[in-house]
Amino acid sequence: MKNVVILFGEMGCGKNYWGERLAKEKGYTFYDGDRAAPPKVIDKVSRFEMLDRELIREFVDRICILAEELVSDNEGVIIAQ
């Protein structure tokens, strides 16, 4: 059975730390979801601005597509976002 774990949370709350640690423990692949963030999301987040529903949906859709692609090649994947 393949597993996908997506960690969401505020900046600096430890998503990457715990994601990497859990991935190592479970033998899963770890992926930093910031690498999939649309430029508009990065711009707003870097200025501590709120994301509107459209941007959130676009980003979540990207993360879901990424998870599907990554898990097809791995037993499990953990994405921190």
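Guide: A salt bridge is a side-chain nitrogen of Lys or Arg within 4 Å of a carboxyl oxygen of Asp or Glu. Keep in mind that this is a predicted model.

Visitor: How many salt bridges are in the whole structure?

Guide: A search finds four. One of them joins the side chains of Glu 58 and Lys 40, at 3.8 Å from N to O.

Visitor: Which parts does that pair tie together?

Guide: Glu 58 lies in helix 3 and Lys 40 in helix 2, so the pair links parts that are 18 residues apart in sequence.

Visitor: Which residues are linked in a network of salt bridges?

Guide: Asp 43, Lys 44, Arg 47 and Glu 49. Asp 43 bridges to Arg 47, with the closest N and O atoms 2.3 Å apart. Glu 49 also meets Arg 47, at 2.6 Å from N to O.

Visitor: How accessible is Arg 47?

Guide: Its relative accessibility is 42%, so Arg 47 counts as partly exposed. Asp 43 is partly exposed at 37%. Glu 49 is partly exposed at 32%.

Visitor: What does the side chain of Ser 46 reach?

Guide: The backbone oxygen of Asp 43, at 2.8 Å. Ser 46 sits in helix 2, which covers residues 39–46.

Visitor: New topic. Which residues have the most contacts inside the largest nonpolar core?

Guide: Tyr 31, Leu 66, Leu 70 and Ile 79. That core has 13 residues.

Visitor: Which elements give two or more residues to this core?

Guide: Helix 3 (53–72) and strand 3 (76–80). Helix 3 gives the largest share, seven residues.

Visitor: And what does Tyr 31 touch?

Guide: Leaving out residues up to four places away in sequence, Tyr 31 touches Ala 36, Leu 66, Leu 70, Ile 78, Ile 79 and Ala 80.

Visitor: Why is strand 3 called largely enclosed?

Guide: Because five of its five residues are buried. Gly 76, Ile 78 and Ala 80 point one way from the strand. Val 77 and Ile 79 point the other way.

Visitor: Why the two directions?

Guide: In a regular strand, side chains alternate between the two faces of the sheet.

Visitor: What pairs with strand 3?

Guide: Strand 1, residues 3–7, runs parallel to strand 3 and is joined to it by five bridges. Val 4 has Val 77 as its bridge partner there. Strand 2, residues 29–32, also pairs with strand 3 in the parallel sense, over four bridges. Phe 30 stands opposite Ile 78.

Visitor: Back to charges. Which side chain of opposite charge is nearest to Asp 32?

Guide: Arg 35, at 6.5 Å. Asp 32 is buried and has no salt bridge. The cut-off for a salt bridge is 4 Å. Asp 32 is found in strand 2. Its side chain does make a polar contact with the side chain of Asn 16, at 3.3 Å.

Visitor: What about Lys 15: buried or exposed?

Guide: Lys 15 is buried, and it has no salt bridge. Asp 34 is the nearest side chain of opposite charge, 6.6 Å away.

Visitor: What does the side chain of Lys 15 reach?

Guide: The backbone oxygen of Gly 9, at 3.2 Å. Lys 15 lies in helix 1, residues 15–26. Beyond its neighbours within four places in sequence, its contacts include Leu 7, Phe 8 and Gln 81.

Definitions and conventions
Residues numbered from 1 in each chain as written. Predicted model: local features only at pLDDT ≥ 70, side-chain atom pairs only at ≥ 80, totals over all residues. Heavy atoms only, no water. Core = buried A, V, L, I, M, F, W, Y, C linked by side-chain atoms within 4.5 Å. Buried < 20%, exposed > 50% of the residue type's maximum accessible area, 1.4 Å probe, protein only. Contact = heavy atoms within 4.5 Å. Pairing = 2+ DSSP bridges. Lys, Arg positive; Asp, Glu negative; His and termini not counted. Polar contact = N/O pair within 3.5 Å; in protein donor to acceptor, adjacent residues only side chain to side chain.
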